[in-house]
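Here is a friendly briefing on one protein model. Take a look at the sequence and structure first, then read on.

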Amino acid sequence: MKIHRLYLLVVTLIVSAFILVACGADAPEPVAPVVDEPAVVEEPVVEPTEAPVEEEPVAEPTEEPVEEPAAPEVSLTIWADDTRTPVLLDLARAFEAEYGVALIVEQIADIRDQFRIAAPAGEGPDIIIIPHDQIGELIESGLLAPIDLGAKESMFREEAVAAFFYDGEQYGMPYATENLGFFRNVELVPDEPATWDEVYEIAVALTASGDASEGFILSGTTYDAFPIQTAFGGYIFGRDAEGNFDPTDVGVDSDGMIEAINFIDRLVEEGLMPQSTDWDTAHVLFENGETPFIMAGPWALPRIRESGVPYAISAFPEGPAGRGVPFLGVQGFVINALSDNVALAQAFLTEFVATDATMQALYDADPRPSAWIPVFEATDDPDLAGFSLAGEGGIPMPAIPEMSAVWGAWDAGVTLVIQQQLDPEAAMTDAGQQIRDTLGN
C-alpha cells in the first residue's frame, strides 16, 4: 500500500507541474506521453498472490505407480457353515494370488435346501459343503458335477471316498467322518463289555444295587439305535451286485432287525430302560452318572467333557451277527453342475483344500476323524481314536433318494415297541410294508 500511495503522489506532482507550465505558456502543446507512463506501472508487479506455486499440487501425480489393482474378473463362491467359514476365508488370499480368482465364502444355514432353490435359478454357489447322504437327490436333479480327485485320491481314507461314490461316479471330496461311539462310565463299568448280553447283565446288576437308576438308555430309535440293530443282523437296504444300495431290498422288517428290537423290548419290559428316547434326557442321565452307557457322536463330546463324568469310548459290543456297526457319515465338498466354473472349482479343491495345512485347520476347527490320512494318523486324541474304532466297518448312510421314505416308518415301529404298544414282529412288519408302499407309489 505504501508503494501505491507513492506512485499516486508522483503522478499528482507531475500533473500539477504541467498544468502550471501550460497556464503560463503561450503554446498549448500538451506533453501527454509523460502522463501516460505511470499508467503502465501496474500493481501486478508487486503481486505476491500469484505466486508460487500453488500450482505444485499438479506435481502430485508422481505417485502414479501406486494404482489400485483391478478386481478379479472371475470369482468362486462357497457356501459353508459357521465352523468351516473361517478356515476357507484364510485360503482366499493365496488362491487369488495363484489364480487371479476371488474366493467368496458365505455362511449359510440349511445349505442343501437353499441350494436346491438357488442352483436351478442360476444363483447358486460354485461349491457347497454337505454330508454325503444328501447328494443322491441333488444328483438325480442334475445339480452336482462329478469330481476327479486325481493323484490326491490315495491321500483320503477309502471309506470316506466311497461314501461320495454314486451310480458309478465320484461326486465329492471328503474331509471328515463322523459316527456314533460306545460311551461307558468307567467308574460304573471299568472294563469294556464284549457282547450285548454282557451289557444286559451289567444293566441288571447296577440297577439292582442302586448304583444306576437306568441300566441302559437310547437317545433315538433309528440312527441312534442302529449299532444294536446291526449286531443282530438288521439292515435298511440290501446291496446289488455292484455294491450299490438296492431300494427293492428293504430290511427294516428283516429277521435280524426284529431280533434286535426284541432285545430292546426286553430291556424295557424288565425296567432296565425307560419308555422314552429323548436325546437331551438321555445325555443328562449319562452325564449325571445315573446310567452306565450311551451311544453318542463327536458332536456330544463338548457337553460330556464339561459334565465331568468319567468316561471312555470304545467299539460297539457284538451280537449274534457280529460286532455292531454304526452309520458312517462323511462331510465333504461338492460342485454345482450348473456353475460356469466347474473346472476351476475342482482345481481349488484339489490344489488348495486337499493339503495337510487346510485339512489340519478343518480338523482343528471341529475335531472329528479326518478323511485326510496324514491328519487322521497324526491325531493323538483318545476320544477320536475311540470313535475311529467304533466306526470301523461302518455302513455309509444310504445317499439314495429312497432313504427319505424310511425314517418315519422305521421310527414309528421302534417307538411303538418301546412304548409297549406293539410286539416287535408286528411293529416292524408294518413299518417295512409302509416303506414298500411309499416307494411303490
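Glu214 touches Thr207, Leu272, Met273, Pro274, Leu285, Glu290, Thr291 and Pro292, leaving out residues up to four places away in sequence; touching, or contact, means heavy atoms within 4.5 Å. This is a predicted model, where local features need pLDDT of at least 70 and side-chain atom pairs count only at pLDDT 80 or more, while totals for chains, interfaces and linings use all residues. Residues are numbered from 1 along each chain as its sequence is written, and side-chain values use heavy atoms, with hydrogens and water left out.

**Glu214**
- You will find Glu214 in the loop between helix 8 (196-209) and helix 9 (226-231); helices (H or I, at least four residues) and strands (E, at least two) are DSSP runs numbered from the N terminus.
- Glu214 is buried but has no salt bridge, and Arg266, the nearest side chain of opposite charge, is 15 Å away.
- Buried means under 20% relative accessible area, exposed over 50%, and partly exposed in between (1.4 Å probe, protein chains only).
- A salt bridge needs a side-chain nitrogen of Lys or Arg within 4 Å of a carboxyl oxygen of Asp or Glu; Lys and Arg count as positive, Asp and Glu as negative, and His and the chain ends are not counted.

**Phe216**
- Beyond its neighbours within four places in sequence, Phe216 has contacts that include Phe182, Trp196, Leu272, Met273 and Pro274.

**Two loop residues**
- Asp110, in the loop between strand 2 (101-107) and helix 5 (111-118), has a positive phi near 50° without being a glycine.
- Asp110 counts as exposed because its relative accessibility is 55%.
- Asp167 counts as exposed because its relative accessibility is 64%.
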